[in-house]
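Subject: Structure for you to look at

Hi,

Here is the structure I promised to send over. My notes on the fold follow below it.

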Amino acid sequence: PQARSVKCFYISDLKRAIKKFKEPVLKCRGLAGGKGVRVYSSQKEALKDLNSFLKNFGKDVLVAERLHGREFSVFGIADGKDVLLFEMAFQDYKPVNDGDKGPNTGGMGAYGPVQFVSKELLKKINEEIMIPAVRETGYCGFFYVGMMQEPDDEIKVLEFNARFGDPEAQPAMMLLKGNLYEPMKFSLEGKVLESSLEIKNGASCCVVLASKGYPGNYEIGLPISGIDEAEKIDGVKVFLAGVKMENGSLITAGGRVVGVTNYSPEGINQSTKLTYKAASKIEIPGGFQYRKDIAGDI
């Protein structure tokens, strides 16, 4: 189950397709650093932005209807016929600003487990969506589906990914007991269900600190300080992303710079509190931009 859509290869096709949907979505073909989807509130808005989209991404475009609801991600490891499920869902926050405002990004934060996704729903998604896709393709490896739960509780697939999601992978790794070696090995041997993925009790939250201006133009080469102080806070791990080492010091080298992540056995409220406490310790000249409402709507 997915959004209604039209594949387009010419500008004339694109303009006709946009007029089929009250709130159009444009999706480009190929890798786009998490920026290849633009969501519009009207046909007029989409048509006005069309030349900019084509300039950035080319003329092979999928025009789709906009879905509304609650987004979540489900992870698993496939062996070509079965999927070993990560038995909790995660929620990613893609728009750059609080309240899901502004342009889409590669993800400004995530948390798990998502309370509104039951184990029964996870099982349904695995059996009716993930396993059939794996058996159709023979795919082996990390696998996740981005899902939307609409207001009437119907679920739709937003995307398939042949990897763990970013930034959902950060809280997922913080919640994992042990390591991924055995499930990966068993996946390659075609017997992934003979292994297991054990999950800790509690919750984990990740907040992405981004360069000001992201996902548009931004400055790079700024010195980063405070990561060691942040990681002194109980349960905090700072995952490095858009950084590089220069003369023995970390400097910014991308839009999304670090993912500040906490695991707490006490649940999501405590995890979120400690994540933001840690985020406040990390600095660059002029400051980061980041969302203040990750996991704040649960």
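**What I found**

Helix α7 (residues 268-279) lies across β9 (109-112), β12 (203-210), β13 and β16 (256-264), and runs at about 25° to β12. On conventions: this is a predicted model, where local features need pLDDT of at least 70 and side-chain atom pairs count only at pLDDT 80 or more, while totals for chains, interfaces and linings use all residues. Residues are numbered from 1 along each chain as its sequence is written, and side-chain values use heavy atoms, with hydrogens and water left out. Helices (H or I, at least four residues) and strands (E, at least two) are DSSP runs, numbered from the N terminus. Axes are lines fitted to C-alpha atoms, for helices over the stretch in contact, and angles run from 0 to 180 degrees between N-to-C directions.

Now the sheet. Eight strands make up an open, antiparallel sheet, in the order β11-β10-β5-β6-β9-β12-β16-β13; two strands count as paired if DSSP finds at least two bridges between them. At the edges are β11 (155-161) and β13 (236-240), each with a single partner strand, so one side of each has no neighbour in the sheet. From one strand to the next, the twist averages 25°.

Helix α3 (residues 119-137) packs on this sheet and touches β5, β6, β10 and β11, with its direction at about 115° to that of β6. Contact here means heavy atoms within 4.5 Å.

Have a look at strand β5 (residues 70-79) too: eight of its ten residues are buried, so the rest of the structure largely encloses it. Buried means under 20% relative accessible area, exposed over 50%, and partly exposed in between (1.4 Å probe, protein chains only). With β10 (residues 140-149), β5 pairs in the antiparallel sense over ten bridges, and D79 has C140 as its bridge partner there. With β6 (residues 83-92), β5 forms five antiparallel bridges, and I77 stands opposite L84. Three residues separate β5 and β6 in their hairpin, where G80 takes a positive phi near 100°. Further along, β10 and β11 pair over six antiparallel bridges, with V145 opposite F160.

Last, helix α1 (residues 11-18). Its buried residues are L14, A17 and I18. Seen down the axis of α1, they fall within an arc of 100° (taken from the directions from the helix axis to the C-beta atoms), so they line one face of the helix. Those buried residues pack against β1 (5-8), β2 (24-28), α2 (43-57) and β4 (61-65).

Cheers
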